[in-house]
Structures are given as C-alpha cells and as structure tokens.
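Please keep the sequence and the coordinates at hand while reading.

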Amino acid sequence: MKKNLSVSTNNKLISSAIEYVRELFSGNSDGHGFDHAMRVYRNAVTIADGEECDATVVALAALLHDADDPKIFDTRDNANARTFLDDAGVGPETAERVIRAINSVSFSKNRGKTPETAEGRIVQDADRLDAIGAVGIARTFAYGGAHGRSLEESVKHFHEKLLLLKDMMNTETAKRLAADRHSFLKAFLRELEKETGEKQ
Ligand code: NI
C-alpha cells in the first residue's frame with residue numbers, strides 16, 4: 001500500500017509546522033536553521049514521492065529534525081518538536097512516529113546508524129543531500145568562516161565527510177540526486193586546484 005502524501009491534504013498542518021520552525025529558529029541571526037529545515041523538507045517531499053511511507057510523518061520530521069538540536073537548544077526529550085505536535089493535535093501515534101524519525105536522524109542519538117523506518121531513512125537522505133552540491137559548498141564555507149577555519153581546513157571537510165555522503169544514501173531518488181551534487185563538489189575541487197595550483 002502506498003500511503004502518499006498528504007502534503008497537499010495536510011496543507012494546514014504543514015504550514016503551521018513551517019511557521020513554528022521559522023519562529024523557533026528566529027533567534028538564529030543567520031536564518032540558517034530555518035533555511036536548512038526548509039531545504040530538508042523540500043528534499044524529503046521529493047524523495048517521499050518515490051517511497052512507501054507516511055508522507056505527513058516525513059514532512060513533519062523533516063521540518064522539525066533540528067528543533068531540539070543540542071548545539072542550538074537546551075531541551076529534553078524533543079520538547080520543542082513535542083510542543084508543536086501536541087498543539088497541532090496530530091494524535092499520539094503520529095507524534096511518536098515523527099519523534100522516532102527525528103531521533104533516528106540525530107547523530108548524537110543514533111550515531112549515524114541506518115534508521116529503522118522508511119520515514120527516518122527519507123529524512124536522513126534529505127538532510128545529507130543538503131550537505132552536498134552547491135548548498136553543501138556554501139554551508140561548509142559559511143561554517144568555516146564562522147569558526148575561523150582556513151580554506152584548507154574547509155577543503156579537508158570535503159574529503160573527510162562530504163565526498164563520502166553519496167554512497168551513504170538509503171533511497172534510489174536520493175542516490176540519483178546525490179550523484180549530481182557529488183559531481184558538482186568534484187568539479188569545484190578541480191577548479192580550486194586549478195586556481196590555487198595546489199592539490200585539493
Ligand atoms: Ni539537519
């Protein structure tokens with residue numbers, strides 16, 4: 001049974017989740033948390049289209065996946081995500097599935113293991129896609145700048161992490177999308193090598 005999606009049927013639920021997340025990350029002056037959540041949401045909707053899954057759970061988990069990120073928020077037991085799910089009245093079963101998907105994507109909670117549910121695997125792919133391609137390059141250097149990293153150190157991150165992500169995708173759609181983004185990373189490194197005259 002293909003249980004797909006409800007992004008359109010649950011439009012009101014999804015738009016209120018978007019507003020909640022926008023508000024939640026508004027203290028983040030660079031708007032990065034919200035922008036990232038929206039890109040992950042869009043990636044997740046695209047991937048969900050080709051998978052058997054509960055697309056409402058996918059959409060909510062994608063939007064809320066960083067809502068309790070310990071690097072940004074000091075919350076316990078997914079309190080921010082739960083506040084939205086309770087207030088929106090999604091029902092305890094859906095709420096638990098959303099929380100489970102979120103926790104399976106969180107590196108601190110799941111240590112990068114493959115999520116057990118389709119919804120978790122989709123959101124993990126969606127999150128990883130946002131780390132590669134043009135967006136991945138922009139994010140790497142934005143992070144590097146904010147943390148005083150040199151160009152070299154940022155490029156090291158490409159080799160240690162970003163170039164490995166293409167082979168870690170769970171779904172066929174994400175594998176396809178990752179291939180293009182991966183080629184773009186490689187092209188960027190080749191161009192950088194040409195311009196700097198140094199092996200990248
Ligand atoms: Ni994320």
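Helices (H or I, at least four residues) are DSSP runs numbered from the N terminus, as are strands (E, at least two).

After α4 comes glycine 89, with a positive phi near 65°.

## Helix α1

Helix α1 covers residues 11-24, which is 14 residues, and its span of 20 Å from first C-alpha to last is close to the 20 Å expected at 1.5 Å a residue, the expected span being 1.5 Å times one less than the number of residues. Its buried residues are Leu13, Ile14, Ala17, Ile18, Tyr20, Val21 and Leu24. They are on the same side of α1 because the arc that they cover around the axis is only 165°, while Lys12 and Glu23 are exposed on the other side of α1. As a general point, an α-helix has 3.6 residues a turn, so residues three or four places apart point the same way.

## The nickel site

Four residues coordinate the nickel ion, namely His36 and His65 through NE2 and Asp66 and Asp127 through OD, at 2.1 to 2.7 Å. Donors are N, O and S atoms within 2.8 Å of the metal (3.2 Å for Na, K and Ca), and water is not among the atoms, so sites may look incomplete. Along the chain, the donors of the nickel ion follow the spacing H-x28-H-D-x60-D, and both histidine 65 and aspartate 66 are buried.

The angles among the four donor atoms run from 78 to 162°, and the site of the nickel ion is irregular. Under the criteria used, four donors count as tetrahedral if all angles lie between 85 and 135 degrees; four count as square planar and six as octahedral if opposite donors are over 155 degrees apart and all others between 65 and 115; anything else is irregular.

In general, most residues other than glycine have a negative phi. Aspartate 77 counts as exposed because its relative accessible area is 55%, whereas asparagine 78 counts as buried because its relative accessibility is 3%.

Serine 104, in helix α5 (residues 92-105), counts as buried because its relative accessibility is 12%. Leaving out residues up to four places away in sequence, serine 104 touches Asn110, Lys113, Pro115, Gly120 and Gln124, contact meaning heavy atoms within 4.5 Å.

Serine 154 belongs to helix α9 (residues 151-160) and, at 1% relative accessibility, counts as buried; beyond its neighbours within four places in sequence, serine 154 is in contact with Thr140, Phe141, Gly144 and Arg149. Arginine 128, found in helix α7 (residues 118-129), also counts as buried, at 14% relative accessibility. With its neighbours within four places in sequence set aside, arginine 128 has contacts to Gly112, Leu165, Met168 and Met169.

## Confidence and conventions

The protein has a mean pLDDT of 91, with 94% of its residues at 70 or more; pLDDT is the predictor's confidence in each residue, from 0 to 100. Confidence is highest in helix α4 (residues 79-88), at 98, and lowest in helix α6 (residues 107-110), at a mean of 77. Over residues 5-9 pLDDT stays under 50, and the model has nine contacts beyond four places in sequence for them.

Residues are numbered from 1 along each chain as its sequence is written, and side-chain values use heavy atoms, with hydrogens and water left out. As the model is predicted, local features need pLDDT of at least 70 and side-chain atom pairs count only at pLDDT 80 or more, while totals for chains, interfaces and linings use all residues.

Conventions
Buried < 20%, exposed > 50% of the residue type's maximum accessible area, 1.4 Å probe, protein only. Arc of directions from axis to C-beta.
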